[in-house]
Structure formats: C-alpha cells, structure tokens
Amino acid sequence: MLLEADGISFRYNKNSWILDNVHLKLHAGEVLGLSGPSGCGKTTLAQILAGYKRPHRGQVKLNGKPLPTKGYNPVQLVWQHPEKAVNPRWQMKKVLNERGPIDEELMKALGIEPDWLNRWPNELSGGELQRFCLARALGPETRFLIADEITTMLDPITQAQIWQVILQQVEKRKLGVLVISHEQPLLSRLCSRIITIA
Ligand SMILES: Nc1ncnc2c1ncn2[C@@H]1O[C@H](COP(=O)(O)OP(=O)(O)O)[C@@H](O)[C@H]1O
Ligand SMILES: [Mg+2]
C-alpha cells in the first residue's frame with residue numbers, strides 16, 4: 001500500500017499558492033513526519049490527502065489510483081480540535097460508530113470508558129473526545145492515518161497514551177501514519193523520516 005501526493009498545488013485565492021508542487025510518499029507501516037511553520041499549508045495538505053479538498057494541480061494516489069469517492073475512505077484524517085470534529089447533537093456511541101463498528105480492544109487500549117458512550121460531546125474533556133475521534137478513524141478498513149496536530153491541545157499523559165496506541169496499530173496492521181506537527185521533539189521521537197514544507 002502506498003499513499004502518494006504527486007505534485008500537489010493549491011491556493012485559496014488567485015494571488016498566492018499555499019502549496020506549490022508538493023510531493024510525498026507514505027508507505028504502509030511507515031510513520032512519516034510533516035513539519036513547517038504555522039500557516040504554511042499543513043492542514044490544507046492533510047485535507048487534500050484525505051480527500052476533503054481537491055488540489056488545483058497534481059493528484060493524490062492510493063496504490064497509483066485516485067482516492068475512492070464512494071464507500072469507506074481508507075485514508076482517515078484526525079483533526080487538531082476534536083470538539084469541532086464531532087456532531088454536538090450526537091451521543092458518543094453514535095459518534096463512535098459513525099463510519100462503522102469499532103473494535104472493543106481498540107477502545108480499551110485508548111482508555112475509552114464504557115459509560116462515556118452515553119455522554120454528549122460537551123460532557124467530555126478534550127483528551128477524552130480526541131480518543132473517540134481516533135477510535136472512529138481507526139476502523140478495520142483504514143490503511144492510512146493523517147494525524148494533524150492531534151495531541152497539541154492535550155496533556156502529556158493523554159498524548160503518550162494516544163501515540164502508544166497509534167504505534168501499536170502501525171505494528172499490528174501496517175498502518176501508515178502521517179504525523180503533522182510543529183513540535184520537532186515529538187516528530188523525532190515518533191517518525192522514521194521527516195519532511196518539511198515551507
Ligand atoms: N478556507 C480558507 N480560505 C482562505 N484561506 C485559508 C483557508 N483555510 C486556510 N487558509 C489560509 O491558508 C494558509 C495555510 O493554512 P493551513 O493549511 O491551516 O496551515 P497550517 O496548518 O500549516 O498552519 C494560512 O495562511 C491560512 O490562513
Ligand atoms: Mg494546521
């Protein structure tokens with residue numbers, strides 16, 4: 001399995017290109033880091049890689065083919081702010097299974113307590129909510145995870161727990177992970193390779 005950004009360019013307005021001919025390759029079982037200053041287009045690239053936005057030039061390819069537009073997306077994005085990534089009118093059990101049933105073992109590993117399933121999003125902390133967002137993204141058909149500053153807002157204990165689970169998934173099912181962060185120590189610790197966009 002290979003996820004590839006092939007010459008991606010993107011702009012929000014006519015004046016300036018945010019992304020200019022970006023290339024990257026992410027292999028199954030690989031943890032790749034992506035760094036760059038605030039505002040350089042990391043989140044934009046994350047959205048393009050997961051199929052939320054279309055590039056103006058270039059293509060995202062999954063094993064040489066365009067991303068599927070129907071059915072389950074094997075490239076899942078987890079966002080920096082979990083509270084913006086869940087429907088506030090849904091109880092957590094509905095949020096969790098939004099894209100299909102989630103493995104119980106994974107929920108345990110993420111420290112999701114069974115009684116949290118009956119809560120509403122505003123009854124959980126940011127760290128608790130992010131665990132749900134990660135579980136939701138790690139359905140059985142997920143092959144690549146795009147992690148866009150997913151632990152930036154969280155306490156160190158939750159951070160460590162979340163990365164441990166992700167690395168277990170890399171080992172267990174050859175998940176490919178793109179770790180987007182401006183924190184160099186985090187990238188150095190987790191990633192076998194780091195690329196920078198300016
Ligand atoms: N929807 C949008 N419309 C116009 N400009 C945007 C939009 N989203 C982001 N931008 C701008 O694009 C640039 C890149 O943003 P972003 O991809 O969020 O960067 P990063 O994640 O690296 O901080 C920033 O200057 C930001 O203000
Ligand atoms: Mg960002």
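Begin with strands β3 and β9: they run parallel and are joined by four bridges. Two strands count as paired if DSSP finds at least two bridges between them.

You are looking at a predicted model, in which local features need pLDDT of at least 70 and side-chain atom pairs count only at pLDDT 80 or more, while totals for chains, interfaces and linings use all residues. Residues are numbered from 1 along each chain as its sequence is written, chains are lettered from A and ligands numbered from 1 in the order in which they are written, and side-chain values use heavy atoms, with hydrogens and water left out.

**Stop 1: strand β3**

Select residues 31–35, which form β3. Which of its residues point one way, and which the other? V31, G33 and S35 take one side, L32 and L34 take the other, and all are buried. Buried means under 20% relative accessible area, exposed means over 50%, and partly exposed lies in between (1.4 Å probe, protein chains only).

V31 stands opposite V177, and L32 has L178 as its bridge partner in β8. On β9, L32 stands opposite R193.

**Stop 2: the whole sheet**

Show five strands in the order β6-β7-β8-β3-β9, and you have an open sheet with parallel pairing. Its edge strands, each pairing on one side only, are β6 (75–78) and β9 (193–196). Strands of a sheet pair through backbone hydrogen bonds. Between neighbouring strands, the average turn is 20°, direction ignored.

Next, select helix α1, residues 42–49, which packs on this sheet and touches β3, β6, β7 and β8. Contact means heavy atoms within 4.5 Å. The direction of α1 makes about 160° with that of β7; axes are lines fitted to C-alpha atoms, for helices over the stretch in contact, and angles run from 0 to 180 degrees between N-to-C directions. Helix α4 also packs on the sheet, touching β6 and β7, at about 175° to the direction of β6.

Is α1 enclosed or open? Seven of its eight residues are buried, so α1 is largely enclosed by the rest of the structure. Among the buried ones are K42, T44 and L45.

**Stop 3: the nonpolar cores**

A nonpolar core is a set of buried Ala, Val, Leu, Ile, Met, Phe, Trp, Tyr and Cys residues joined through side-chain atoms within 4.5 Å. The largest one has 37 residues, and F132, L134, L145, W163, I166, V177 and V179 touch the most other members. Helix α4 gives the largest share, six residues. A second, separate core of 26 residues includes A5, L24, I48 and L62.

Click on L145: leaving out residues up to four places away in sequence, its contacts include Q76, V78, L134, I166 and V177.

**Stop 4: ligand 1**

Finally, select ligand 1. Which residues are around ligand 1? They are Y12, I18, P37, S38, G39, C40, G41, K42, T43 and T44, each with a heavy atom within 4 Å of the ligand.

Look for polar contacts, which are pairs of N or O atoms within 3.5 Å (within protein, one must be able to donate a hydrogen and the other to accept it, and residues adjacent in sequence count only if both atoms are side-chain atoms). A backbone N or O atom of G39 is 2.7 Å from an oxygen atom of ligand 1. A polar backbone atom of K42 lies 2.9 Å from an oxygen atom of the ligand. In the side chain of Y12, an N or O atom is 3.4 Å from a nitrogen atom of ligand 1.

Definitions and conventions. Helices (H or I, at least four residues) and strands (E, at least two) are DSSP runs, numbered from the N terminus.
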